[in-house]
Amino acid sequence: MRSAAFRSFVAIGLASLLSAGARAQSAAEFYKGRQLQLVVGFEAGNDYDIGTRLLARYLSKQLPGQPAIVVQNMPQAAGLVAANFIYVRAPRDGTVIGAISRNLPSQAAMGLPNIEADARRYNWLGGVSFPGRICVATAGAPVQTADELFTKSMLIGSVGVGSSTSIIPSVLNKVLGTKFHIVEGYRGVSDIILAMQRGEVQGSCMSYSQFRSHDELFRQGKFKIIARVEEAEMAEAPGVPSIYDYAKTDEQRQLMRFIFSSTEFGRPYIFPPDVPKDRVQFMRQAIAAALKDSDLIAEAEKSKLDMTYRPPERLEQLVRQLYDTPPALVEQLKAISPNLK
């Protein structure tokens, strides 16, 4: 009897020690040599994808054992599928990182359809870039100035309702009365730019960085920036009028500021909810260190890719501000936002 009791006592003691050892495992020990998955909510070749693959290479160097980081593209529904996957189904142990749309936080705060995430529960790891958005017309488009956006119709290409290529023109149509006619269904930004060159569509609205490989089209006069979707001046678009110049009321400005605040998120990176805090902090520091690597900076400059660091604390602050928006204003915002059904 005493022997059985002793064996039971030893077994319980060993279990307790093993449990304590597991709990005591540091974040560095957890990540040492462990393969990670980085889910990108965009197609290959998009600036999110290119920037994420660049970060993945240098992030591995910041982790113990330099583990492999496998990048997986999940572009369905303009990145919404990826955002929902990270929130609902991804492991919550710190082995899966998400690269989601900068538009997701405002869409989630409005409670738009098919968004399963509460953006406040993501673990924000930081972001890159501070993109300026523009509307571009081809040389053959009927619209050649910002003023003409209100008097002439223009066909513009779009990936889908969850992307900036649809959000920007839809909001401008409903808030200011522009006459964009949106042609949706393009697989990605590169396909839209090809469609512009072929004359299938006459323009598009998106971040300036999406045109980074097409400078010659602007120099040759084939493409023209007709408006910027930022209040602040853009060095890349000197003298181009801001769409905010056409707002007639404070309410119009307030509505656009809420939806277009997404630019401050850059290209954000997240963990799912409930990842252990020490692993969140460890990954935040690793991402920040990777983005300071001189070789990464040189590669980004060579490819004209904005990898400006966006600290996680600022992203968290932006999320809180979005969710603090008065309910009455949120209802107005839902009325002017593209339907995600």
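Trainee: Over the ring of which residue does the charged end of arginine 310 sit, and how far from its centre?

Mentor: This is a predicted model, in which local features need pLDDT of at least 70, side-chain atom pairs count only at pLDDT 80 or more, and totals for chains, interfaces and linings use all residues. Residues are numbered from 1 along each chain as its sequence is written, and side-chain values use heavy atoms, with hydrogens and water left out. A charge sits over a ring if NZ of Lys or CZ of Arg is within 6 Å of the ring centre and within 35 degrees of the ring normal. For arginine 310, the ring is that of phenylalanine 130, and the distance from its centre is 4.5 Å.

Trainee: Over the face of which residue does arginine 34 lie?

Mentor: The distance from arginine 34 to the ring centre is 3.9 Å. The ring belongs to phenylalanine 30.

Trainee: Is serine 129 buried or exposed?

Mentor: Serine 129 is found in the loop between strand 4 (123-128) and strand 5 (133-138); strands (E, at least two residues) are DSSP runs, numbered from the N terminus. Buried means under 20% relative accessible area, exposed over 50%, and partly exposed in between (1.4 Å probe, protein chains only). At 1% relative accessibility, serine 129 is therefore buried.

Trainee: With which side chain does that of serine 129 make a polar contact?

Mentor: A polar contact is a pair of N or O atoms within 3.5 Å; within protein, one must be able to donate a hydrogen and the other to accept it, and residues adjacent in sequence count only if both atoms are side-chain atoms. For serine 129 the contact is 3.5 Å, and the partner is arginine 267.

Trainee: How many aromatic pairs does the whole structure hold, and what is the angle between the planes of phenylalanine 42 and tyrosine 48?

Mentor: Rings of Phe, Tyr and Trp (its six-membered ring) pair if their centres lie within 6.5 Å; planes under 30 degrees apart count as stacked, over 60 as edge-to-face and the rest as tilted. A search of the whole structure finds 10 such pairs. Phenylalanine 42 and tyrosine 48 are stacked, with 3.9 Å centre to centre and an angle of 15°.

Trainee: Why is the pair of phenylalanine 218 and phenylalanine 223 edge-to-face?

Mentor: The ring centres of phenylalanine 218 and phenylalanine 223 are 5.8 Å apart. The pair is edge-to-face because the planes stand at 85°.

Technical notes: Helix = DSSP H or I, 4+ residues; strand = E, 2+ residues; numbered from the N terminus.
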